[in-house]
Amino acid sequence: MRRAHTVETVRAAEGALMARLPDGALMARAAATLAVVCARTLPRVYGARVVLLVGSGDNGGDALYAGADLARRGARVSALLAGSKTHEGGLAALRAAGGRAWRPDEEPERADREIGAADLVVDGLVGIGGRGGLRPPHARLAVSAREAGAPVVAVDLPSGVDADTGRVEGEAVRADTTVCFGTGKPGLFVDPGAGHAGRVVLADIGLGPDLPEPVLEAFDDGDVASLLPGPGRDDDKYRRGVLGVAAGSEAYPGAAVLCTGGALRTGTGMVRYLGAEPVASRVLDRWPEAVVGRADPGARVAAWVIGPGRGTDGPAAEELRGVFASGVPVLADADALTLVAREEADPSGREAPTLLTPHAGELARLLGADRADVEARRLEHVGRAAERFGCTVLLKGSTTLVATPGRPVAAATAGTPLLATAGSGDVLAGIAGSLLAAGLPAHEAAVCAAQVHGRAAVEARQGAAISATDLWDGIPRAVAGLGEDNDQRRRR
Ligand SMILES: NC(=O)C1=CN([C@@H]2O[C@H](COP(=O)(O)OP(=O)(O)OC[C@H]3O[C@@H](n4cnc5c(N)ncnc54)[C@H](O)[C@@H]3O)[C@@H](O)[C@H]2O)[C@@H](O)CC1
Ligand SMILES: [K+]
């Protein structure tokens, strides 16, 4: 699992470490790893054309020292000095190694040409000292780098991405690889920043002992595989968990079928679908293995999923209050979230695990915030919702975030735009509900479900457009794929 810290904590940790080390030692460590990654990106270092985009801070310094290393190994290195000043030591090292340096604001077309002809572009415009959208000439260089065919390696984070939030105002560099120093930055794992970072490589510069708890943890397939419950030899269907599904209504029967399918395909012991006819029969027609019964918040289940397509009328609100009053884990989605936003039901006093799964619009309503604000600062808003309702909140989107009070926010890294399709959220609710019923804590159930859901979309159609029902087939393949990865890891 990769960890991320805010700029403030990174600066504090760097300060503490630097006080114990000789001057320049930390930057030398950073630049050495950066040079190794750059060299690996090139088919051959000798003779390669490397363009460094250099801003006025230490991020530019890292790029210059790494460029000097590549120049010593025979690369033709050119540094475009975009800032009002330049890291002196780095510039001297580059020149001593035979690299060139010049100012692109004086000859912008020449800069475009040089970037266009490069074998590798290194983005050292701004790092954690960046504030707001990129200013000229940085912005123009970011665009040229994006349009050039060469791979782009970003230093610490892609310039133009806000390190703490992932926000992008205006232009930003699009990297193929980001080499981040000491620890991840949240903006590398939260969209839109995550979409600019490419592959994230962590360079250990010895910051570990000086770092506090992270603000964010990014979960990949291996992390999720080790958390997923497998069916044990002695398990029967009750031990694997009975999930109560209170979803769907006459107007929206599909939600009931989709959610039940999501749960069954994840491997839940048994689904009890609780709702009226004709929806119950529709569920049974598609999933004969489900057990159906009338709506009953007192039904004996290990966990509940409530809300998708269920409606927001008086009986729906009463049912939700009844389910919240039960002592078992509850996942509330869709219409249930509307009822919570209207204060017709309140999960905040619950002691059993509780998971709310809003998209940005629903989260905005839950917090009385603006949707565009939620989209722009997802990390902050998901954390705020978790505090407000005293439970776990999963914010859907291209990077799914999961917040639980007192814990680092989790990011699931398997998001895909393929999931932006009607009914996909109902399937997610079923997957997460199944994991709650199997006994996973809400935080783990949520992040595992998001990862499985993302992989299921990719598995289902190998990149082609999908509909929500395709996800059913993708789920077992996704779970099996995660397990394989884990087995391989164990064998190594
Ligand atoms: N502090 C340390 O110990 C280490 C720092 N390192 C590097 O140092 C970086 C941080 O260095 P700095 O604090 O000098 O900051 P940066 O190099 O990230 O950027 C600061 C400079 O960029 C300019 N700038 C800010 N926002 C801008 C914008 N939107 N458009 C154009 N210019 C803008 C500022 O005027 C300032 O001159 C890290 O990201 C990392 O790359 C590494 O060398 C590892 C060690
Ligand atoms: K950068």
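Mentor: Angles under 35 degrees count as roughly parallel, over 145 as roughly antiparallel, 65 to 115 as roughly perpendicular and the rest as oblique. The axes are lines fitted to C-alpha atoms, for helices over the stretch in contact, and the angles run from 0 to 180 degrees between N-to-C directions. This is a predicted model, in which local features need pLDDT of at least 70 and side-chain atom pairs count only at pLDDT 80 or more, while totals for chains, interfaces and linings use all residues. Residues are numbered from 1 along each chain as its sequence is written, and chains are lettered from A and ligands numbered from 1 in the order in which they are written.

Trainee: At what angle do H2 and H3 pack?

Mentor: Helices (H or I, at least four residues) are DSSP runs, numbered from the N terminus. H2 and H3 pack at about 55°, with 8 Å between their axes, and are therefore oblique to each other. A crossing is right-handed if the near helix is turned clockwise from the far one by less than a right angle, and left-handed if anticlockwise; that of H2 and H3 is right-handed.

Trainee: Which residues of H2 and H3 meet?

Mentor: Contact requires C-beta atoms, placed from the backbone, within 7 Å. Residues of H2 including Met27, Leu34 and Cys38 meet residues of H3 including Asp58, Tyr65 and Leu70. For classes, Ala, Val, Leu, Ile, Met, Phe, Trp, Tyr, Cys and Pro count as nonpolar, Asp, Glu, Lys and Arg as charged, and the others, Gly among them, as polar. The contact of H2 with H3 has eleven nonpolar, one polar and three charged residues.

Trainee: How do H3 and H4 pack?

Mentor: Helix H3 (residues 58-72) and helix H4 (residues 88-96) make an angle of about 15°, with their axes 8 Å apart, and are therefore roughly parallel to each other. Their crossing is left-handed.

Trainee: How many residues surround ligand 1?

Mentor: A residue is near a molecule if its C-beta atom, placed from the backbone, lies within 6 Å of it. Around ligand 1 there are 28 residues, the closest being Gly57, Asp58, Asn59, Gly127 and Gly129. H3 gives the largest share of this shell, four residues, and by class the shell has ten nonpolar, twelve polar and six charged residues.

Trainee: Into which domains is the chain divided?

Mentor: Domain bounds come from an automatic or database domain assignment, here giving domain 1 (2-214) and domain 2 (223-491). Their centres, taken over C-alpha atoms, are separated by 39 Å, and nine residues of domain 1 are in contact with eleven residues of domain 2.

Notes
Helix = DSSP H or I, 4+ residues; strand = E, 2+ residues; numbered from the N terminus. Contact = placed C-beta atoms within 7 Å.
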